[in-house]
Amino acid sequence: MIIHSHTSTIPDASLLEKDDHLFDYVDSYHGAFSDVNPSIGATEVGRMFFSRKSNVTDTLFALRNKVVKLFGLKTSGEVLDRQKLVENSTFEPGQQLGLFKVYDKTENELVVGQDDKHLDFRVSLLVDSLLDGTSQKHLTITTAVTFHNRFGRFYFFLVKPFHKWIVPGMLKGMIERIENSQLPAANLV
């Protein structure tokens, strides 16, 4: 069962918590899933996060890239084979995946983002075990933003409604893929 929750705080277990005082905006969305084979960690959720294909999201990113390029801001560039790039990535700090740079990684968390002249952002993908002795875990997607100027605030004001719509959808899709990947082969038919 997927349980969506939204907060405006960084989870205590997140790597972002140490820099909490630096962020002007924070949101977190989380959902529960069963990790039957205890196999889901930072690399797996990173692959799921970056391999998600959505025509709506792709269109929005393409539009974003065209608009922000006019202002001299960073764009994701063209990735000809995104799936191959994601499959071959180890998600180690310093790696670049389109617009996102890997900033930090532990066994259970991946922190990606980008620094630009108008704002810096970080996205944390955190897998957290529940302390109830079951295979239940939480997947939390946290976004943290630091504004550098008025344009950064204005830019985020424009993208925030899309962000609040896209992130919960991504979370739901990731959890569904996790749970479907753990079904016995006979149940997938």
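**Entry 1: ground rules**

Contact, as I use it here, means heavy atoms within 4.5 Å. I am looking at a predicted model, where local features need pLDDT of at least 70 and side-chain atom pairs count only at pLDDT 80 or more, while totals for chains, interfaces and linings use all residues. Residues are numbered from 1 along each chain as its sequence is written, and side-chain values use heavy atoms, with hydrogens and water left out.

**Entry 2: His 163**

I looked up His 163 and found it in helix 4. Helices here are DSSP runs (H or I, at least four residues), as are strands (E, at least two), numbered from the N terminus. Leaving aside neighbours within four places in sequence, I see His 163 in contact with Tyr 25, Asp 27, Thr 143 and Pro 168. Its relative accessibility is 13%, so I note His 163 as buried. Buried means under 20% relative accessible area, exposed over 50%, and partly exposed in between (1.4 Å probe, protein chains only).

**Entry 3: Ala 13**

Next I went to the loop between strand 1 (5-7) and strand 2 (25-34), where Ala 13 is found. Ala 13 counts as partly exposed, at 48% relative accessibility. Not counting residues up to four places away in sequence, it touches Glu 109, Leu 126 and Asp 128. I also checked Leu 126: its C-alpha atom is separated by 8.3 Å from that of Ala 13, although the two are 113 residues apart along the chain.

I then turned to helix 1, where seven of the ten residues are buried, so the helix is largely enclosed by the rest of the structure. I listed the buried ones as Ala 42, Thr 43, Val 45, Gly 46, Met 48, Phe 49 and Phe 50.

Helix 1 (residues 42-51) packs with helix 4 (residues 150-181) at an angle of about 125°, their axes being 10 Å apart. Axes are lines fitted to C-alpha atoms, for helices over the stretch in contact, with angles from 0 to 180 degrees between N-to-C directions. From helix 1 I noted Val 45, Met 48, Phe 49 and Ser 51 in the contact, and from helix 4 Met 170, Met 174, Arg 177 and Ile 178.

**Entry 4: confidence**

Last, I checked pLDDT, the predictor's confidence in each residue, from 0 to 100. The protein chain has a mean of 81, and 74% of its residues reach 70 or more. Confidence is lowest in helix 2 (residues 55-69), at a mean of 54, and highest in strand 5 (residues 109-115), at 96. Over residues 185-189 I found pLDDT below 50, and this stretch has two contacts in the model beyond near neighbours in sequence.
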